[in-house]
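The sequence and structure are shown first, followed by notes grouped by topic.

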Amino acid sequence: MIREDKQALVDELSEKFQSHNAFYIADASGMSVAKINEFRRLCFNRGMEFKVYKNTFIRKALDTLGTDTSEMDAALVGQSGILFSKESGNAPAKLLQDFYKAQNYGKNVEPRPALKGAYVDAGIYIGANQLSSLSTLKGKNELIGEVIGLLQSPAKNVISALSSGGTKLAGILKTLSEKEEVAG
């Protein structure tokens, strides 16, 4: 591969890093071609992409992000494939978990592709033990929705109290006026 081709590949990878809010680095070594193709098909069906890159290209592309990604060096060992997601940061983790379940990985077998690291909304996660944490991460849109729901809740309670209070007040006034008529 000539220098210009290598630079074009780094530029392409850098552009993908900047256009995706989350990407996971996984090790697919030891997987058969059929299993890798099955995994890629699952990625495609869920709107994600899985592609294998050289670690040196990944490192050069990470350097263009403008944040400190030195922690990711621990994940850049051996064969590295990158799982890109434009959706939420937890979508790739859920995809990996679903793939592991479908493959019936036992306790004594390390699931493949093994998670080596993840970059989600400028947060860095290293190691396969982070998978369950990553699968429960909430995306930006989910968090905004929750905040809006929390902000609407007190307003709804006030409106509900005022509307029910109005009927209670009217009932009390009616009862008092009836008592005055009976007493008078």
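The model is predicted. In the hairpin formed by strands S4 and S5, two residues lie between the strands, and aspartate 121 adopts a positive phi near 45°.

**Strands S1, S4 and S5**

- S4 (residues 114–120) and S5 (residues 123–126) pair in the antiparallel sense over four bridges.
- Strand S1 (residues 22–27) also pairs with S4 in the antiparallel sense, over six bridges.
- Tyrosine 119 of S4 is the bridge partner of phenylalanine 23, and tyrosine 119 also stands opposite isoleucine 124 in S5.
- Seven of the seven residues of S4 are buried, so this strand is largely enclosed by the rest of the structure.

**Helix H2: extent and end**

- H2 spans residues 33–45, a total of 13 residues.
- From its first C-alpha to its last, H2 reaches 18 Å, close to the 18 Å expected at 1.5 Å a residue.
- Glycine 47, which follows H2, has a positive phi near 80°.

- The buried residues of H2 are Ile36, Phe39 and Cys43.
- These residues lie on the same side of H2 because they cover an arc of only 60° around the axis.
- An α-helix has 3.6 residues a turn, so residues three or four places apart point the same way.
- The buried residues of H2 are covered by elements including strand S2 (49–53), strand S3 (80–85) and helix H4 (91–103).
- On the face of H2 turned away from its buried side are the exposed residues Ala34, Arg41, Phe44 and Asn45.

Methods: Residues are numbered from 1 along each chain as its sequence is written. This is a predicted model: local features need pLDDT of at least 70, side-chain atom pairs count only at pLDDT 80 or more; totals for chains, interfaces and linings use all residues. Side-chain values use heavy atoms; hydrogens and water are left out. The expected span of a helix is 1.5 Å times one less than its number of residues. Buried means under 20% relative accessible area, exposed over 50%, partly exposed in between (1.4 Å probe, protein chains only). The arc is that of the directions from the helix axis to the C-beta atoms. Contact means heavy atoms within 4.5 Å. Two strands pair if DSSP finds at least two bridges between them.
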